[in-house]
Amino acid sequence: MGQAIIEADGLVRTFGGARAVDGMSLALAPGEMVGLIGPNGAGKTTLFNLLAGTVRATAGTVRIAGTDVTREAPERRIARGVGRTFQIPRPFAEMTVLENVLTGAPSQSGERPLANFLRPGRVAAEERAALDRARGLLDFVTLSRLEDEPARVLSGGQRKLLELARVLMADPKAILLDEPAAGVNPTLLELVIDRIRTLNAEGRTVLLIEHNMDMVARLCSRVVVMAAGRRLAEGNPADVARDPAVIAAYLGDGA
Ligand SMILES: Nc1ncnc2c1ncn2[C@@H]1O[C@H](COP(=O)(O)OP(=O)(O)OP(=O)(O)O)[C@@H](O)[C@H]1O
C-alpha cells in the first residue's frame with residue numbers, strides 16, 4: 001500500500017501491571033474502512049485512545065500520514081485529520097444540539113481577542129461558515145429539527161449521531177468510530193450504517209470498533225481481531241468468523 005494515513009507500530013500500554021495493549025501494529029490506507037473486533041477487554045478502546053492521543057503509549061509509535069505523532073496531544077492529531085467518537089458520547093447537556101456541533105470546529109481567530117479586534121469582519125465570516133457547516137452536518141445526521149433543543153433531550157442513538165456531526169466539523173480524513181451501533185434502535189441503525197458508508201465513499205478512512213458483526217460484515221472488507229491486547233487474526237469478515245482461534249477467544253469471553 002502507499003503511505004498509510006494511520007500507522008501504529010508495536011504499541012504497548014500498561015495500566016499498573018496489566019498490558020491493555022500489548023504490541024499492536026496496524027496500518028490504514030487512505031480510503032479504507034476496517035473493522036476492529038474482539039471480546040470485551042481485548043484492548044480495542046485503549047488502542048483508539050492511543051491513536052487519538054487521549055492515552056500515552058508505554059512503548060511503540062503512532063504515525064499520521066507518515067509523521068510521528070506519538071508524543072502529540074489529541075488536538076494536534078485532530079488538526080492532522082484524525083477524528084474519533086466515544087463509545088458513550090457525553091454531549092454538553094444544557095447546550096443546544098447546534099452549539100454542541102459547533103464545539104467540534106477547529107479553533108478560530110475569534111478565540112484570539114487580538115484577531116477579533118483587528119479583523120472583526122473575518123471573524124464574523126468564519127463564524128457564519130462554521131454555522132453553515134454545522135447546520136449542513138445536522139442535516140446529514142437528520143437532527144436539523146432538534147438544533148435548538150438542549151442535547152439532554154436526545155436519545156442514545158441521536159447522541160451518537162450528534163457526536164458524529166461534532167467530529168465531522170473538523171473535516172477529518174480518518175475517523176475512529178467506537179461502537180457507533182451500541183444502544184441504537186434498529187431504524188436509526190440503518191441510518192448510522194448509511195452515513196458511515198457515505199463518509200467512506202467520500203474518501204474518508206474509517207476504523208470501526210463494533211460488536212454488531214452483521215454491521216461489520218456489511219461495511220468492512222477487512223477485519224482485525226484483537227484479543228488480550230494483541231492482533232489475533234485478520235481477514236475478510238466471513239473468514240475471520242470461521243477462524244477457530246477467533247471462536248475460542250470469544251468463547252473464553254463467555255460469549
Ligand atoms: N484507564 C484504565 N485504567 C486501568 N485499566 C484500564 C484502563 N483502561 C482500560 N483498562 C483495562 O485494559 C483492558 C482493555 O480495555 P479496553 O476498554 O481497551 O477493551 P475493549 O476491547 O475496548 O473492551 P470492550 O469491548 O468491553 O469495550 C481491560 O482489562 C481494561 O480493564
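**Ground rules.** I am working with a predicted model, in which local features need pLDDT of at least 70 and side-chain atom pairs count only at pLDDT 80 or more, while totals for chains, interfaces and linings use all residues. I number residues from 1 along each chain as its sequence is written.

**The sheet.** I looked up the strand order first, taking helices (H or I, at least four residues) and strands (E, at least two) as DSSP runs numbered from the N terminus, and counting two strands as paired if DSSP finds at least two bridges between them. I found an open sheet of four strands in the order S2-S1-S4-S5, with antiparallel pairing. S2 and S5 are the edge strands, each pairing on one side only.

**Strand S1 and its partners.** I then followed S1, residues 6-15, which pairs with S4, residues 59-64, in the antiparallel sense over five bridges. S1 is also joined by eight bridges to S2, residues 18-28, and these two strands run antiparallel.

S1 and S2 form a hairpin with two residues between them, and in its turn I read a positive phi of about 60° for Gly16. S4 pairs in the antiparallel sense with S5, residues 67-68, over two bridges, and here Ile64 stands opposite Thr67. The hairpin of S4 and S5 also has two residues between the strands, with Ala65 taking a positive phi near 45°.

**The helix.** I checked how H1 sits on the sheet, and H1 lies across S1, S2 and S4, running at about 120° to S1. Contact here is C-beta atoms, placed from the backbone, within 7 Å, and axes are lines fitted to C-alpha atoms, for helices over the stretch in contact, with angles from 0 to 180 degrees between N-to-C directions.

**The ligand shell.** I listed the residues surrounding the ligand, among them Phe15, Ala18, Asn40, Lys44 and Thr45, where a residue is near if its C-beta atom, placed from the backbone, lies within 6 Å. S2 and H1, residues 44-52, each supply at least two residues of this shell, and the largest share, three residues, comes from H1. By class I recorded four nonpolar, six polar and one charged residues, with Ala, Val, Leu, Ile, Met, Phe, Trp, Tyr, Cys and Pro as nonpolar, Asp, Glu, Lys and Arg as charged, and the others, Gly among them, as polar.

How values were computed
Two residues are in contact if their C-beta atoms, placed from the backbone, lie within 7 Å.
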